[in-house]
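Please look over the sequence and the model below before reading on.

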Amino acid sequence: MTQKFNVIGSRAPRLDAPDKATGRACYVDDIEFPHLLEGAILQSPHAHARILSIDTSAAEALPGVAAVITHRDVPDVRYGVSPARYDETIFAIDKVRYVGDEVAAVAAEDLDTAMAALELIKVEYEVLPHVLTVDEALAEGAPVIHDAFPGNICAEVHQEFGDVAAGFAESDIIRTDVFVNKRQDGAFIEPHRCVAVYDNFGQLTLTSSTQVPHYVQRTVAMVTGIDVGKVRVKKPYVGGGFGPKAEATPCDIISAFLAIKTGRPVRVAYSREQVFLHCRARHQFKHVMKTGFKKDGTIMALDHQCWLEGGAYSSFGIATVYYAGSLLAAPYKLPNMKYDGWRVYTNKPACGAQRGHGGVAARACFEQQLDLIAKQLDMDPIELRLKNIMTAGDVSCNDLAMSSLGMKECIEAVRDGSTWRDKRGRLPKGKGIGMASGFFVSGAGYPIYRSETYHCTVTIKVQEDGGTVKVLTGAAEIGQGSDTAMAMIAAEAIGIPLDRVRLVSGDTDYGVDLGAYSSRTTLMTGHATKEAGEAVKDRVLTALAEELGIERDRLDMANGLVEISGDPVDFSELRTKYIKEHRGWSDHPAGDQITFTEAARIAYLKYGTVVGTGKYKPPVLGGKFKGAAVGTSPAYGCSAQVAEVTVDLETGQVTVDSITDAHDCGKAVNLTSVEAQMEGSVSMGLGEAMFEEVKFDDQGRVLNASLGEYHIPTVLDMPQMSCIVVESGEPNGPFGAKEVGEGAIMPTIPAILNAVHDATGVTITELPITPERVLKALKEKEQEKD
Amino acid sequence: MLLPRFEYHQPASLDEAVEVLGQYAGEAAVLAGGTDLLVNMKHQAMAPSHLVSLAGVEGLDQASADGGRVTVGPLMSAAVLAQSEFIAANAGALALGAAVLGSPQVRTRATVGGNVCNARPAADMSVPLLALGARAVLTGPDGQRQVDLEEFFVGPGQTVRAPGELLSALEMDAPAPGTGWGYQKLGLRKALEISLVNVAAALSLEDDGKTIKAARVALGAVAPTPILAPGAAEVLVGQAAGGDVFKAAGQKAAADAKPIDDHRGSAWYRREMVAVLTARALNQAWARAQGQ
Amino acid sequence: MEKIRIELTVNGKQHDLLVAPNRTLAQTLREDLRLTGTKQGCEVGDCGSCTVLLDDVPVNSCLVLAVQAAGRRVTTIEGLAQGNELHPIQEAMIQHGAIQCGFCTPGMILSAKALLDRNPDPDAGEIKDALSGNLCRCTGYQKIVEAVQDAAAKMGRD
């Protein structure tokens, strides 16, 4: 891409950073709502139990209590993420299915009273036998969690592409490896919370810490029965999401019902413990991969089985079980692939989507296996990968089309940008270097509900007094930097400096936007923003051309200045008119070019308010088989990382010393933000690799529902990171841009695993890589030798 | 998350504190740094109806040496202890443990008295104090008594301190010349971490600079309370300091440990780590002992 | 539960407050004084997002009772900028892209300020130690450490 940009590709500071650095940025809890009630939710103490009775009378009688609601007070309606699996109710009706299932809720004058009222609600339970693991849930005669799913299988996938048997027949080496990760938590720093206001116009407004105002709006409209046009969801600043905030939560739904019932604003806010109980984060996956290779390293076939421990409800799980298979079809040429996946219900909090949705554990398993094959073949792991990678124009066996793919560039960048060549295979015992690659969608090809809806619409309005434009988008800034990226795209598209762009976002009143998930915003909302910006530019320049009496195509705009091709044009009259209109003002336009401000003013005077709109939905993508939609995307990002580790051979403790990270984001809209996503991805991947695991006791209670006992990395745990941004120029992306938010996490875990293997010779097949697990593996290896 | 309701008392002297505590014995809790107490109260694990803050009692946040005895005030914070040259010189193990407790924000609040009275098996200041041979000075309505720290801890969260008593000081003998200390903490991450295993060691050398005159090894997270490893000390005394004898001491310490399996780690691993960390703590102590 | 009258100096301004004993400093700052820049991510001292300076040292304000802060000086994130002039640490955090969701940012900046006030020229290790009680899930910390290094250099030059 040789296109010259004025705004795109810079390191412009984020628009929201000053507010966030000074404490002025308002998150849900920072906004004042007059006459607010505090809501609280009564959650099940049992993993599986029948509800025999609920007595709320004492709670209702407590002074200060405004409302107590249970399933009796709300419609008997099923909801969830995938319409194919609406399996949640607003409150438990006949039984509770996990410790944390919602049973009742209270709104009171203050939280103290609300909490006291919860204790006064008497629920009689008949405790039922529960299942906490995939094995328990699939055992013959296991207790059934949902009557409609007698074997506790929430979803299963069976796919075959190519001819796997033939692929194995042609293989020289066939390896089978097993890999298990652990249930992860999103561990965003701001817990979920929502304030619902039901006003005298019959409008319901939610102010929610969510990634997906659009889906929250639809779900809340559906369950409350309020016209969707009267449900508004606003997302103020959000303290992180990473996936678990990508669906309507009980905070949203219950605050809505309490607000409707009481006629007052109601806040429902999760404590940190409740965040763990709600979960909706990364599943536990067990992968079994049988892979066939030619002697020269060519990958011939993959037979892959996967079991997901899903928890009590579906959440995003159907998509997850598909992603766990489909995302292995690239970035390596894999002609034959069979996938069998099962997502299994258990009596635990529901798992859902988390950064790298569905693909992270699968990627770890496969990339570790590639290294083991390379060892068997006595090949450099990088050489093995380079031999098999796809390039732009390739289509995977399951119909994922690589419109751009800088995989080779990423791998070579981390090889050359690190000390790989000096160190691989040459480090003393206890020191290791490893690498891995990754791959991810740049926006899901289809919305979660079946629809021909645009995935996003954007409006840009030129302020009537000229000078600035205002971008209105439903896109969800949750920390990833989408507000800044969209403002930059708008500025570039119109041809004005960034400081001429104002932006409001995250509100369903501003347009449709499916939200911050599947790494979709830069490409999709970026497209819509670009289209809206171009419309604005065209409208303004058309007006100017009319005014000047010249052809429209002689005009262009850059940096807020109009460029006129051909002979010079006298615009002094126009300028005089503008200056007269602004007598007494100090910022009169000057210079030998017409300014955007002057041109915009002319457009307003001619047409009234100038508005440009943009929209985006991907073209029809993917194959015709069942589940073909999951994994499709208008573009794919890819990445490679090299990790260096030190293993303490006496304690088994692994320290990650450095990560060299390359990511192909197509074109960096904001270079600093791209690096920021890469570094953040490494930290979440490192956490999952090294520390993170939500643990349960035998009654299904979370043992470590705190940020003290659930270990995300601290600053002291992070290695030195070197980020290399690869720009392949994505033809389907705005200005060539595609994802970085999630693909960047893919190589982290396997790169560390492969480095640990390099350091010790042991293969860790279960996460996290705790010192105990490593030491045990080291001792077992010693014994094998003896 | 709300704190349960309570009445707040801030007595101005030790006597007054003991009196208030006596008045509400059984219903009152002593508030020092609050980094454990307030967490437990927010989790509804305890709901004392009275909190007696020691913030108004003077002199509890000082350390001193007098006639062969070192006194550490119970209100000294981990941050102060970690940075104190006096503590580094006279009770170095405590400084080492204090420096790695929790996080900077926790260290500015958490006190050594609180750490001892909470009696957590992995407590980062209690384990070093055990190695230092510290004694708890308890002040109650009937006056003062001293309890050796190994007698002080009874079980997780339990001590011999009566409800009406206050921990008014921690005392220990001044270190002999040629004494050094080590502290080793193993956790998953490098901050905000409760130890999987922690080991403190105190080592005194004879005048020859080689022979071990006295040694104490204390272990955390491998028993219901912080414990001493007497077997380790026994192996060490009279021997020339060095890697082999430290390894042997590690093996003895592992035998003295009584770990259990829990969600943080297995008994097997903890025992293995006691051996490794003991040897490392002794090496660290030896280096410092020689440096003096 | 008897309320207690306290004096609290917050960002240089003295406040006379009547607080319930079970009110934390974080609640008092956020709810009574409406200084909502102090965030709460866990409420039990695990995350550091409620970090404020109490007599210049960083504390988790969720684990300090308001009554314990009586008569003392509190600095919150709102107290750093002088009018529109941002503190060098704030400026550096913005310039280095060290802010993403921003929820940990106020606490992070205050921990950094406490460090630079007592150690104007810290090395990377000292910076990391000082920030080790502030959890960030977005950034991987690298740009934060770079920002603090840069702020220290700039403050040293002034």
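## Terms and basis

A salt bridge is a side-chain nitrogen of Lys or Arg within 4 Å of a carboxyl oxygen of Asp or Glu. This is a predicted model, in which local features need pLDDT of at least 70 and side-chain atom pairs count only at pLDDT 80 or more, while totals for chains, interfaces and linings use all residues. Residues are numbered from 1 along each chain as its sequence is written, chains are lettered from A and ligands numbered from 1 in the order in which they are written, and side-chain values use heavy atoms, with hydrogens and water left out.

## Where chain A meets chain C

Between chain A and chain C the count is 6 salt bridges. In one of them C:K143 is paired with A:E679, and the closest N and O atoms are 3.8 Å apart. The count of residue pairs in polar contact between chain A and chain C, both residues being at pLDDT 80 or more, is 23; a polar contact is a pair of N or O atoms within 3.5 Å, where, within protein, one must be able to donate a hydrogen and the other to accept it, and residues adjacent in sequence count only if both atoms are side-chain atoms.

On the side of chain A that touches chain C, α1 (17-22), α18 (671-690) and β25 (720-726) each supply at least two residues, and the largest share, 8 residues, comes from α18(A). Helices (H or I, at least four residues) and strands (E, at least two) are DSSP runs, numbered from the N terminus. The contact, meaning heavy atoms within 4.5 Å, takes 53 residues from chain A and 40 residues from chain C. The area buried between chain A and chain C is about 3,700 Å², with 57% given by carbon and sulfur atoms; buried area is the accessible area (1.4 Å probe) that two parts lose on being put together, summed over both.

## Where chain C meets chain B

In the contact between chain C and chain B, 33 residues of chain C touch 26 residues of chain B, and about 2,300 Å² is buried between the two chains, 59% of it on carbon and sulfur atoms. C:M1, C:L63 and C:Q68 supply 24% of the area that chain C buries against chain B, which is more than any other three residues.

## Aromatic pairs

Over all chains the structure holds 17 aromatic pairs; rings of Phe, Tyr and Trp (its six-membered ring) pair if their centres lie within 6.5 Å, and planes under 30 degrees apart count as stacked, over 60 as edge-to-face and the rest as tilted. A:F5 and A:F735 form an edge-to-face pair, 5.5 Å centre to centre with 85 degrees between the planes. Because A:F5 lies in the segment before α1 of chain A and A:F735 in the loop between β25 and α19 (748-760) of chain A, the pair ties together parts that are 730 residues apart in sequence.

The rings of A:Y27 and C:F103 have their centres 5.0 Å apart and their planes at 85 degrees, so this pair is edge-to-face. A:Y27 lies in the loop between α1 and β1 (37-43) of chain A and C:F103 in the loop between α2 (88-95) and α3 (105-118) of chain C, so the pair joins two chains.
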